[in-house]
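Let's take a walk through a protein together, one piece at a time. Keep the picture open while you read, and look for each part as we get to it.

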Amino acid sequence: MTADDGVWLYSITTDSVDDAQLAEVTGVAGEPVRAVASAGLVAVVGTVSLSEFGQEPLQRKLEDLDWLAATARAHDAVVAAVTRRGPTVPLRLATLYLDDDRVRVLLTERREEFGATLRRVTGRSEWGVKGYGDAKILSQDVKEEPSPTGAAGKGTAYLLRRRAELSAQQDVERKAADHAGEIHAALLEQAVDGLRRQVTDPVLTGKRAWMIFNGTYLVDNDRIEGFAALVTALDTERPGITLELTGPWPPYSFAGIDG
Amino acid sequence: MSEMVPTEDTRRIALVDLLDRVLGGGVVITGEITLSLADVDMVRISLRTLIASVSALVPDPAEQDSADG
């Protein structure tokens, strides 16, 4: 390492993971990753150039979508590789230390917290469940008000029709929200923990689909089949709602240490 | 010789899902660090704008279906 180098942190794991197990794994700069051990814990890190990954260049590059996508995928690939070798606490993207000694200090100082989190995620994985609504099907049960005919003037008819449309729209949205709440409650029963995320703007998913639900769950590995079966069952028994399961993810959403 | 690829490596990951997790999840450690994304929300907002502007350039085949909507 030179003065221009920094240490990029990928994840914290137990000391059952060592350099030999990380031999094939490369990081965000294509660099080999390695284990820095202290206090019974291992930080999986890579040495990167601060001229590329230091604060100032990073902040500029984060605006470059191609660069960001490649970096995010490389970061996740290392975390996922470590996850296959042992329980893992993922670090948020772009956590850098100046050298290995400072990483060891971190492991020693936060031993209790990392230890507790590692125990919490051992034998478990994160799964994402997204729900998409079909407004046409969801609105089928919603009563339509009879369209006004006869005596009412044209303007009145328009206003009444407009009001009926708005109220039908609100009914469909309320219905979708009810479904979302029930789905989350059902999934929580098969999971250790779960949380609802913001639904993603359809522009971002590239789908025109209407996302009504976005949850993520920490599931015991020996209950994954049951969890997946529940997702399928909920998907089948709720017309107008399509569920999508993603995973296994490293436990990004359940690492739970801040500050 | 054929290669076995672990399922984890072949999982299709939507970029938005991934960014939500690596930028919005994971352990946040502040302190003696060269960089911390302190303004993650700001970064995410600008990323979302960026992704939106990229996907807006890609023609959407479903566009015509919704012409009546």
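How many of the 10 residues of H2(B) are buried? Nine of them are, which leaves this helix mostly covered. Before going on, keep in mind that what you're looking at is a predicted model. The buried residues of H2(B) are Leu15(B), Val16(B), Asp17(B), Leu18(B), Leu19(B), Asp20(B), Arg21(B), Val22(B) and Leu23(B). Following H2(B) you'll find Gly26(B), with a positive phi near 80°.

Val22(B) is among the residues with the most contacts inside the largest nonpolar core, along with Trp8(A), Tyr10(A) and Val44(A). This core has 34 residues. Which elements supply at least two residues each? From chain A they are strand S1 (5-14), strand S3 (41-49), helix H1 (50-53) and helix H3 (65-83), and from chain B there is helix H2 (15-24). H3(A) gives the most, with 10 residues.

Now zoom in on Val44(A). Leaving out residues up to four places away in sequence, Val44(A) touches Trp8(A), Leu9(A), Tyr10(A), Ser11(A), Thr13(A), Leu22(A), Val33(A), Arg34(A), Val78(A) and Val82(A). Another core lies apart from the largest one; it has 19 residues, including Val129(A), Ile183(A), Ala191(A) and Ile212(A).

Let's stay with S3(A) for a moment. Seven of the nine residues of S3(A) are buried, so this strand is mostly covered. Strands like this need partners: in a sheet, strands pair through backbone hydrogen bonds, either parallel or antiparallel. S1(A) and S3(A) run antiparallel and are joined by nine bridges, with Ile12(A) standing opposite Ala43(A). S2(A) is also antiparallel to S3(A), this time through six bridges, and here Ser38(A) stands opposite Leu41(A).

S2(A) and S3(A) form a hairpin with two residues between the strands, and in it Ala39(A) takes a positive phi near 60°. That's a positive value in a residue other than glycine. Is Ala39(A) buried, exposed or partly exposed? Its relative accessibility is 31%, so Ala39(A) counts as partly exposed. Ala94(A) also has a positive phi, near 70°, and is found in the loop between strand S4 (88-90) and strand S5 (96-97) of chain A. Ala94(A), though, has a relative accessible area of 2%, so it is buried.

Next, find the open sheet of four strands in chain A, whose order is S7-S8-S6-S9 with antiparallel pairing. Which strands sit at the edges? They are S7 (193-196) and S9 (241-249) of chain A, each of which pairs on one side only. On average, neighbouring strands of this sheet are turned by 20° against each other, ignoring direction. Four bridges join S7(A) to strand S8 (residues 210-220) of chain A, and one residue pair to look for is Gly194(A) with its bridge partner Tyr217(A).

Helix H7 (residues 154-189) of chain A packs on this sheet, touching S6, S7, S8 and S9 of chain A, and its direction makes about 5° with that of S8(A). Does its length fit what you'd expect, or what do the numbers say? At 1.5 Å a residue, the 36 residues of H7(A) should span 52 Å, and the end C-alpha atoms are 53 Å apart, which agrees.Among the buried residues of H7(A) are Val172(A), Ala176(A), His179(A), Ala180(A), Ile183(A), His184(A) and Leu187(A). In an α-helix there are 3.6 residues a turn, so residues three or four places apart point the same way. The buried residues of H7(A) pack against S6, helix H6 (135-138), S7, S8, H9 and S9 of chain A.

Helix H9 (residues 224-237) of chain A lies across S6, S8 and S9 of chain A, and runs at about 160° to S9(A). Finish your tour in strand S9 of chain A, where Pro248(A) has its place. The peptide bond from Gly247(A) to Pro248(A) is cis, with omega near 0°.

Methods:
Residues numbered from 1 in each chain as written. Chains lettered and ligands numbered in written order. Predicted model: local features only at pLDDT ≥ 70, side-chain atom pairs only at ≥ 80, totals over all residues. Heavy atoms only, no water. Core = buried A, V, L, I, M, F, W, Y, C linked by side-chain atoms within 4.5 Å. Buried < 20%, exposed > 50% of the residue type's maximum accessible area, 1.4 Å probe, protein only. Contact = heavy atoms within 4.5 Å. Pairing = 2+ DSSP bridges. Axes fitted to C-alpha atoms, helices over the stretch in contact; angles between N-to-C directions. Expected span 1.5 Å × (residues − 1).
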